[in-house]
Amino acid sequence: MNKGLQLRTRKGDETVHPKICVPLMGKNREALQDEWKQLKEKTVDLLEWRVDYFENIRDVDLIVDIATEIQRETKRPLLFTKRSEEEGGQAVSLNENEVVQLYEAVIANDAVHGVDIELRQQEKNIHHLIEQARNQKIDVILSYHNFTETPSALLLEEKISEAVVLGADVAKIAVMPQSKMDVLTLLQVTEKMSHTMPIPLISMAMGRNGMISRLAGGLFGSALTFASGAQSSAPGQIPTADVEQVLRILKRNM
Ligand SMILES: O=C1C[C@@](O)(C(=O)O)C[C@@H](O)[C@@H]1O
């Protein structure tokens, strides 16, 4: 029944009309329900459950149940993410094996459409989860986030290539620009890599400097942009209605 995140790979030089993804960050079922119910009328293509904000992160059955509910009630593809503290997530008490077990459970129960796995995870765990996800036709995003700086274009290209080689369905990079030039580095890498990659690429520069990448990233080949709903999960996220308006203007005039 699962059909993944439904993101498109860029074909040659074409303009990408990015999808909009809104993070859900409630700490319990009620808070999450409040969040997704507010989004029902809005133009939101996907939802991301940032489960590192959830207070019962050790309760695997409850998490599977809530993810199933979000999918069923919102009728939108659901991306499941346990972001690590090192890459901008909340401090939670799970070790890497327990995170793998949590991912295995949501995958096995077909409770989500996609999972975000950080490239920093052990390679054997990445391979294992990709295999599980593939059996269920669930997409795997392999991701890299840098909340302090923007590494060189070369390093960013290496991260994207690593995701492709490991077998990701989607590659994602998020960086913190210290200057406008850093934003251009991110966009340049996006433009270069998205032309030739066999899978979709998601990229963004965070913070105030990076805002333009969240609005215009599609022109450079980014397949998805994260916009804030009830809460924002990263610096520089713009409310979903504003993002939708800008994307509509760009699409109408392309
Ligand atoms: O990876 C990302 C991108 C993000 O960090 C952003 O900058 O919008 C927001 C996160 O929730 C998501 O998991």
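**View 1. Strands β4 and β5 of the predicted model form a right-handed β-α-β unit with helix α4.** Helix α4 spans residues 123-135. The two strands run parallel and are joined by five bridges. Within this pairing, V115 stands opposite V140 of β5.

**View 2. Strand β4 also belongs to a right-handed β-α-β unit with β3 and helix α3.** Helix α3 covers residues 96-108, and strand β3 covers residues 78-81. Strands β3 and β4 run parallel, with three bridges between them. F80 has V115 of β4 as its bridge partner.

**View 3. Strand β4 (residues 114-118) is largely enclosed by the rest of the structure, because five of its five residues are buried.** G114, D116 and E118 point one way from the strand, whereas V115 and I117 point the other way. Residues on both sides are buried.

**View 4. H145 and K172 carry the feature "active site" in an unreviewed UniProt entry.** Although the two positions are spread over 28 residues of sequence, they cluster in space, with a largest C-alpha distance of 8.2 Å.

**View 5. H145 lies in strand β5 (residues 139-146).** H145 has 23 other C-beta atoms within 10 Å and is therefore buried, the threshold being 20 or more. Not counting residues up to four places away in sequence, H145 touches E87, G88 and A174.

**View 6. K172 lies in strand β6 (residues 170-175).** K172 counts as buried because it has 25 C-beta neighbours inside 10 Å. Leaving aside neighbours within four places in sequence, K172 is in contact with I141, S143 and I202.

Methods:
Residues are numbered from 1 along each chain as its sequence is written. This is a predicted model: local features need pLDDT of at least 70, side-chain atom pairs count only at pLDDT 80 or more; totals for chains, interfaces and linings use all residues. UniProt positions are given in the numbering used here, feature names are shortened, and annotations may be inferred rather than shown by experiment. Helices (H or I, at least four residues) and strands (E, at least two) are DSSP runs, numbered from the N terminus. A residue is buried if 20 or more other C-beta atoms lie within 10 Å of its own, exposed if 12 or fewer, and partly exposed in between; C-beta atoms are placed from the backbone. Two residues are in contact if their C-beta atoms, placed from the backbone, lie within 7 Å. Two strands pair if DSSP finds at least two bridges between them. A crossover is right-handed if, with the strands pointing away from the viewer, the path from the first strand over the helix to the second runs clockwise.
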